[in-house]
Amino acid sequence: MQLVDSDGQNEQNEENERDWQEKVDDFSWDVLFRNATVFDGSGELPRRMDIAVRRGRIAAKGTALPEGPARRTVDASGQWLMPGLLDIHTHLDLEVDLDPRLPEVVRHGTTTVLFGNCSLGTCFGHQRDDSGQDPIVDCFTRVENIPKPVLRKCVDAISWSDTGGYMDHFADMPLGPNVGAFVPHSMLRVEVMGMEAAISRDPTEQEYQEMEAILGRAMEQGYLGLSTDGLPFHYLSNEPHTDKRIPTQFAGFKELRRLMKVLRKHNRVWQTTPIIENRATALLYFTLTSGRLFKKTLKVSALSAMELVLAPRATKAFLGFAKLMNSWLFKGSLHFQALGTNFRVWSDGIVSPLYEELPSTAQLIALEYDDVEGRHALMHDPQWVEQFRRDWMHGRTGGDWASFKARMGMPDHLVIRDLHRLVFDGAPVSDWDGESFDKVHERLLRFMDGDSAQARSDAEREAFASLTKRPETDADFMLFLMRRYDKSFRYWADVSNIDNRATMDYLMHPQALPGFNDSGAHLTNMAFFDGNLMSLKLAQQQGDAMVSKMVKRLTREPAEFFNIDVGTLDLGAQADIVLIDPEVLRGWDCNDTREYVFRDLFGHHQMVNRPPAIVKEVMIRGQLVWEEGEFTQALGEQTLGRALRAA
């Protein structure tokens, strides 16, 4: 048994029971967990033991700890006890200033979140200028699929103007989870160059030096590193720039190399997404991790390790390259963030991150969210219609180079366009809910061939009868839906990790880093708050030893990678604790608990995932914040989490 006083100093108790009792008389546990199955984040097999918490810290661990001094005793028999989980990739930097509780992550046992990812963030303040530019709204709207009114509400809450003020302001709010932040490269470019220059030219030497100086100061202030982005379908949303990508994508290798030098000096992390439209360029940029080529290793955390439906071998190629970079030959540290669940994406008509990839549908998305007339006019423009048909069928017709590449698992586009993979969930005709698009399409064709019995209801008959021209191709069927219903038909597609066949392989891959949930992004399209719980469920299917390894991968490993002091149950550590019911976890299916709810916070609907009864308790800094399916009063009234500053 070990004992720690309120200052966190360890003391090994080697006295007999009588002396021990005299010693504990000076202590009173705030909470005592009894007989828990403890996964401590070390990767070692679990042990049945007691955990005592005092003044927000782990105060004692052992068997048969004295119960008398405890203000609250929890019988944790049969329950898993582990450190609070880390969500290593979120966009909650928008929500945190509206609701510092961050309740949707807390209910999942997540007690630490990292944001400022994908080159986007708020650490420089609102960055609005006299010309009417609103960079945060401009960048976030289409990249993270968050409506502009929601974003403006978030930006209006900003009260700081520099990176130091941003880190300091967390101490003045009733913060729930711990937070860590990256410096977002798009916003750094805007801060130094202004929006117009950031998307139209290279920096001057003076601007290079200013970016390096700002980044260096931020590293001294404790930022985790720098985030960039290379995905080709991340566009700006404000006129006159709706055809331009976000600022980070205008940076060249020279700029990144100079900024990476600052990260190397401070041993920080480069968070990024690969340049998937040019794999050779992506691999070149990833060589920046090499300590052999650049004198000191750079830690890189990249998106993402998953089994893509249309390119199932693509991730393996990137992981193979990471293995090479991380070998003695290159002395790198490149890891790909792994998603622990199936990548299910919802769409409202064409409003979805998926359709930014096609030039024609990107034009629709570029129009204002409420511009129904604009979309309607575009969808009836003959030139646009022809382009849409080409885009929709690209790589799917057979007999051409694009189709050959698609068959080989190297498609030009990753957006799902196969009707059998698109499933109605919130259809304008209730008969369609739960059906794939191809089933409805096939019934429509039979109806137009004269079989009126194919219409199963008056609503379906009316929808079918509205067509005067037969939709021979699935492109025509999709065009029919978009023209008739605009954004008022909702459906989903699994983009990767179907049935989680290969998910565990990626989660446990040596060149991967689990904990990627993308929480707080894509309000109406995704709900991956549950990715960490699903990772634990998949590990559970392989036994306690695998669960131990998974807990380590979701706690201690990422904490060490990002240089932050969370993720352990060590004596004296901040008491961020999760209690999980393994039997409820065993019977849970994450697809059954995804919901589309209206959140008053945003005045807008959001996709969430709220599995009941799996997480029994969550503690942050020794305070109970979630118990038996309810948030406690402490969450939102006290400052519990803290702004984590990289060591």
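**Strands, cover and contacts in a predicted model**

User: What makes β12 and strand β13 (residues 225-227) a pair?

Analyst: β12 and β13 are joined by two bridges, running in the parallel sense. The cut-off for a pair is at least two bridges, so β12 and β13 qualify. One of the contributors is Pro 184, whose bridge partner in β13 is Ser 227. Please keep in mind that this model is predicted.

User: Which strand pairs with β13 over three bridges?

Analyst: That is β14, and the pairing is again in the parallel sense. Here Gly 225 has Val 269 of β14 as its bridge partner. With a cut-off of at least two bridges, the three found between β13 and β14 are enough for a pair.

User: What kind of sheet do these strands belong to?

Analyst: They are part of an open sheet of seven strands with parallel pairing, in the order β9-β20-β16-β15-β14-β13-β12.

User: Why are β9 and β12 called edge strands?

Analyst: Each of them, β9 (89-90) and β12 (183-184), has a single partner strand, so one side of each has no neighbour in the sheet.

User: How do you know that both faces of strand β14 (residues 269-272) are covered?

Analyst: In a regular strand, side chains alternate between the two faces of the sheet. In β14, Val 269 and Gln 271 are on one side, Trp 270 and Thr 272 are on the other, and all four are buried. Buried stands for under 20% relative accessible area.

User: Where is Ala 181, and why does it count as buried?

Analyst: Ala 181 is found in strand β11 (residues 178-181). Its relative accessibility is 2%, which is under the 20% cut-off, so Ala 181 counts as buried. Apart from neighbours within four places in sequence, Ala 181 is in contact with Phe 115, Tyr 166, Tyr 223, Leu 224 and Gly 225. The C-alpha atoms of Ala 181 and Leu 226 are 8.9 Å apart, although 45 residues separate the two along the chain.

User: What makes helix α3 (residues 135-143) an enclosed helix?

Analyst: Nine of its nine residues are buried, so α3 is largely enclosed by the rest of the structure. These residues are Pro 135, Ile 136, Val 137, Asp 138, Cys 139, Phe 140, Thr 141, Arg 142 and Val 143. The cover includes α4 (148-156), α6 (185-193), α7 (195-198) and α13 (359-366). Just after α3, Asn 145 has a positive phi of about 50 degrees.

User: Which other sheet is open, and which strands are its edges?

Analyst: An open sheet of three strands, with antiparallel pairing, has the order β17-β19-β18. Its edge strands are β17 (343-348) and β18 (423-424), as each pairs on one side only. β18 and strand β19 (residues 490-496) run antiparallel and are joined by two bridges. In this pair, Val 423 has Trp 492 of β19 as its bridge partner.

User: Is Asn 497 buried or exposed, and how do you know?

Analyst: Its relative accessible area is 1%, and buried means under 20%, so Asn 497 is buried. Asn 497 lies in the loop between β19 and α20 (503-507). Beyond neighbours within four places in sequence, its contacts are Met 306, Glu 307, Leu 339, Thr 341, Asn 342, Phe 343 and Thr 503.

User: What joins strand β4 (residues 47-54) to β5?

Analyst: Five bridges do, and the two strands pair in the antiparallel sense. Asp 50, for example, has Gly 62 of β5 as its bridge partner. β4 and β5 form a hairpin with two residues between the strands, where Arg 55 takes a positive phi near 50 degrees. Strand β5 (residues 57-62) is described as mostly covered, with five of its six residues buried.

User: Why is the whole chain called as compact as a globular protein of its length?

Analyst: The protein chain has 24 helices and 26 strands. Its radius of gyration is 26 Å, close to the 26 Å that the globule rule gives for 647 residues, so the chain is as compact as a globular protein of that length. The C-alpha atoms fill a box of roughly 90 × 65 × 50 Å along the principal axes. Buried residues make up 64% of the 647. Of the contacts between residues at least 6 apart in sequence, 74% join residues at least 24 apart.

Technical notes. Residues numbered from 1 in each chain as written. Predicted model: local features only at pLDDT ≥ 70, side-chain atom pairs only at ≥ 80, totals over all residues. Heavy atoms only, no water. Buried < 20%, exposed > 50% of the residue type's maximum accessible area, 1.4 Å probe, protein only. Contact = heavy atoms within 4.5 Å. Rg over C-alpha atoms; globule rule 2.2 N^0.38 Å.
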